[in-house]
Amino acid sequence: MTGSDAELVKADFSHLYNRPDPRDYVRTLSRLDYEIPDRARPVFETIFAAMRSAGAVGDEPLRVLDLCCSYGVNAALLCCDLDLEDLVDRYSSPELQDLATDELCTADKEYYATRLVPDAVRVRGLDAAANAVAYACRVGLLVNGWAENLETDPASTELASDLDQVDVVICTGGIGYITERTLTQVARTRPGRPAPWLAAFVLRQYSYEPISAALSHHGMVTEQLHGISFPQRRFASDSEREAALRAVTKRGLDPSGYEEAGRYYADFYLSRPGNDSRIPVDSLLATVMP
Ligand SMILES: C[S@@+](CC[C@H](N)C(=O)[O-])C[C@H]1O[C@@H](n2cnc3c(N)ncnc32)[C@H](O)[C@@H]1O
């Protein structure tokens with residue numbers, strides 16, 4: 001749906017995506033109650049637990065790639081004893097406002113290190129915004145970071161080789177910016193290994209069909225989690241709301257109880273290699289259902 005009515009009317013936050021540090025990004029999006037990373041965390045953690053109990057990764061920490069990782073918000077929530085409200089409080093606190101980026105970086109490195117949970121997953125990140133990726137690496141949230149745009153370019157040799165190591169790919173708030181052009185480069189079979197699992201939250205206004213169709217050519221089976229959609233954030237304007245209502249209605253979805261009430265909602269999709277798909281996603285994630 002890239003280039004659609006809904007895409008064109010969606011508020012443009014791209015000026016916040018590549019700042020030297022996360023303060024403006026976190027503060028601005030928190031004013032719109034941005035919440036998808038918090039909502040996504042229990043889903044991702046349940047998937048990680050299922051992969052571990054299936055013996056997919058042995059005793060090693062799970063290797064996660066966060067697509068459109070930005071400043072490492074998902075990594076912070078998955079690896080540290082923190083929720084989004086903690087990050088909003090931190091990056092809005094008056095004591096941190098006057099710090100230079102280098103000073104904030106030093107403080108953040110300690111902040112995250114002291115909150116690391118035992119046996120945390122190891123997160124790599126990919127985002128087109130080089131400053132955001134660099135910050136997340138400097139403060140220790142990402143073990144590896146890649147500032148590449150796979151919509152326009154093939155993955156570098158170094159990134160391609162790192163992708164060979166990944167067990168699972170996650171994405172919040174990224175689909176729409178990235179399409180099957182990016183996803184087929186990261187969720188693909190590797191030498192001697194099947195493709196990684198891909199767990200993505202996708203605004204209801206976007207069809208996931210082009211992505212799931214492209215992934216099926218790589219032996220991946222995609223399922224949508226039924227019975228639940230996840231709030232992403234409040235609309236920034238009436239025109240955003242109207243465009244989203246039109247777009248979801250055009251897709252045959254009913255906006256009442258969802259977008260009509262003033263927020264974007266995302267659906268969850270899981271793509272797995274055919275041999276890993278015996279347990280349906282609705283059963284796998286039964287415990288996260290309300
Ligand atoms: C709404 S933010 C979501 C960030 C983060 N996942 C979260 O939920 O907080 C969208 C992100 O997509 C990134 N992005 C946009 N186009 C991209 C592309 N072609 N390739 C990789 N990242 C892209 C932006 O730089 C930005 O960090």
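The largest pocket in this predicted model is lined by 38 residues. Those nearest its centre are Tyr17, Cys68, Asp127, Gly173 and Tyr177. The volume of this pocket is about 660 Å³.

Let us consider where the lining comes from. Several elements each supply at least two of its residues: the helices α2 (14–17), α3 (23–31), α5 (73–79) and α6 (84–92), together with the strands β1 (63–67) and β7 (230–234). Which element provides the largest share of the lining? That element is α3, with 4 residues. Sorted by class, the lining of the largest pocket comprises 22 nonpolar, 10 polar and 6 charged residues.

I now turn to the ligand. The space that the ligand takes is this largest pocket. How many residues surround the ligand? There are 15, and the closest of them are Tyr25, Tyr34, Cys68, Asp127 and Thr172. Please note that Cys68 and Asp127 have already been named among the residues nearest the pocket centre. By class, the shell around the ligand divides into 9 nonpolar, 4 polar and 2 charged residues.

In tyrosine 25, a polar side-chain atom lies 2.8 Å from an oxygen atom of the ligand. For tyrosine 34, the corresponding distance from a polar side-chain atom to a ligand oxygen is 2.6 Å. Aspartate 127 likewise places a polar side-chain atom 2.6 Å from an oxygen atom of the ligand. As for exposure, the ligand taken alone exposes 600 Å², and the protein buries 92% of that area.

To summarise, the ligand takes the space of the largest pocket, 15 residues surround the ligand, and Tyr25, Tyr34 and Asp127 each bring a polar side-chain atom to a stated distance from a ligand oxygen. Thank you for your attention.

Technical notes:
Residues are numbered from 1 along each chain as its sequence is written. This is a predicted model: local features need pLDDT of at least 70, side-chain atom pairs count only at pLDDT 80 or more; totals for chains, interfaces and linings use all residues. Side-chain values use heavy atoms; hydrogens and water are left out. A residue is near a molecule or strand if one of its heavy atoms lies within 4 Å of it. A polar contact is a pair of N or O atoms within 3.5 Å; within protein, one must be able to donate a hydrogen and the other to accept it, and residues adjacent in sequence count only if both atoms are side-chain atoms. Accessible areas come from the Shrake-Rupley method with a 1.4 Å probe; for residues, only the protein chains shown count as cover. On a 1 Å grid over the protein atoms alone, a cavity is a set of points where a 1.4 Å probe fits but cannot get out, and a pocket is an open set with protein on both sides within 12 Å along at least five of seven lines; lining residues have an atom within 4 Å of a point. A molecule sits in a cavity or pocket if more than half of its atoms lie within 2 Å of its grid points. Ala, Val, Leu, Ile, Met, Phe, Trp, Tyr, Cys and Pro count as nonpolar, Asp, Glu, Lys and Arg as charged, and the others, Gly among them, as polar. Grid points are joined across faces, edges and corners, and a volume is the space filled by probe spheres set on the points.
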